[in-house]
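Reader: Hey, I've just opened this one and I'm new to it. Can you walk me through it?

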Amino acid sequence: MSDEITARQFHDSDGVEDWRVLLGTAQTRFRTGSFTAGVELVDAIGELAEGMNHHPDVDLRYATVTVRTSSHDVGGLSKRDLTLARRISLAAKELDLPAETDGLLEVEIAIDALDRPAVRPFWRAVLGYVDGPEEDEGLGLGDRAGYGPPVWFQQMDAPRPQRNRIHLDVTVPHDQVEARVTAAIAAGGHLVSDDRAPAFWVLADVEGNEACLCTWRGRD
C-alpha cells in the first residue's frame, strides 16, 4: 500500500509548522549563523536520514541550511517525508537553530510552443539538460545535477505574435503568495488573470513579460 500523501495532508499534520510544500517537495530553511553550526545540523540530518533510509536534499551555506524532502517512488510526498520533516525540526530545535520560510521558492521556465517536440531538442542542447519524467509526456527537461530550474513546454493552439512565449513559473509558500502578488503589482506589474487562483496568478511587467506565481493550493 502506498504511503503517498497530499500537500494538504502534510500541512494539516502536527509538527511540520517549519515546512512549506513547493512543487511536490516539503522544504524549510534553518538560520544557522555560522558554517560550523550548519555542519552540525547537516550531520544530525544525515544520521536521521540514514536511520530512516530516506534521504533529503540539503543545501549548506555559510549562514543557512535549506532542506528539501520528497519520495521519488510516489512522485511527491509520502508519510516518510512527514516523519523526516518532524525529526529534522526537532533536531534543529535541540541545536537552537530557528526555521524561516521567507524566501523559499521554486522557479520553472515555461516555453509556449506550437510544435513542442520540434522546439524541445534545441533547449535540451543549449542547456545541457536531460529528459524529464515520462509522466510529463517526455516533454519536460531537467538539470541532471538538480540545481538549474526545470523547463517545460506549454502547448499553444495558435501563434501569438503580440505576446511573449516564455514565462517563469515561480512557486512560493501558500501563505506568502498574496503578499508577493501585491508587491509585484506595486512594483509596476499588472494582474493578467486570477482565474486559477489559488493554484496560480498570472502577472506581467510593463512590457508584457509574464510570470505565474504558484502554490500547491487548488490542485488536490
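Author: Leaving aside neighbours within four places in sequence, A63 is in contact with F30, R31, T32, G33 and S34. This is a predicted model, where local features need pLDDT of at least 70 and side-chain atom pairs count only at pLDDT 80 or more, while totals for chains, interfaces and linings use all residues. Residues are numbered from 1 along each chain as its sequence is written, and side-chain values use heavy atoms, with hydrogens and water left out.

Reader: Ok, and where is A63 found?
Author: A63 sits in the loop between β4 and β5. Strands here are DSSP runs (E, at least two residues), helices are runs of H or I with at least four, and both are numbered from the N terminus.

Reader: How do β4 and β5 run, and how many bridges join them?
Author: They run antiparallel, and four bridges join β4 (residues 57-60) to β5. Two strands pair if DSSP finds at least two bridges between them. A hairpin through three residues links β4 to β5, and V58 stands opposite V67 in β5.

Reader: What about T69, buried or exposed?
Author: T69, which lies in strand β5, counts as buried because its relative accessibility is 1%. The cut-offs are under 20% relative accessible area for buried, over 50% for exposed and partly exposed in between, with a 1.4 Å probe and protein chains only.

Reader: Which side chain has a polar contact with T69?
Author: That's D81, at 2.5 Å. A polar contact is a pair of N or O atoms within 3.5 Å; within protein, one must be able to donate a hydrogen and the other to accept it, and residues adjacent in sequence count only if both atoms are side-chain atoms.

Reader: Switching topic: which residues have the most contacts inside the largest nonpolar core?
Author: F10, W19, L41, V67 and I88, in a core of 21 residues. Such a core is a set of buried Ala, Val, Leu, Ile, Met, Phe, Trp, Tyr and Cys residues joined through side-chain atoms within 4.5 Å. The elements giving two or more residues to this core are α1 (7-11), β3 (25-31), α2 (35-52), β5 (64-69) and α3 (79-94). α3 gives the most, with five residues.

Reader: And what is I88 in contact with?
Author: W19, F30, I45, L48, P56 and V67, leaving aside its neighbours within four places in sequence. There's also a second, separate core of seven residues, including V172, V177, V181 and L203.

Reader: Where is E106?
Author: E106 is in strand β8 (residues 106-113). E106 is buried because its relative accessible area is 18%. A polar contact of 2.7 Å joins the side chains of E106 and Q27. Among the residues that E106 touches, not counting those up to four places away in sequence, are L22, R68, D169 and T171.

Reader: Zooming out, how many helices and strands are in the protein chain?
Author: Five helices and 15 strands. Buried residues make up 39% of the 220 residues. The C-alpha trace spans about 55 × 40 × 35 Å along its principal axes.

Reader: How far apart are A63 and M156?
Author: They are 93 residues apart in sequence and 43 Å apart in space, C-alpha to C-alpha.

Key: Contact means heavy atoms within 4.5 Å.
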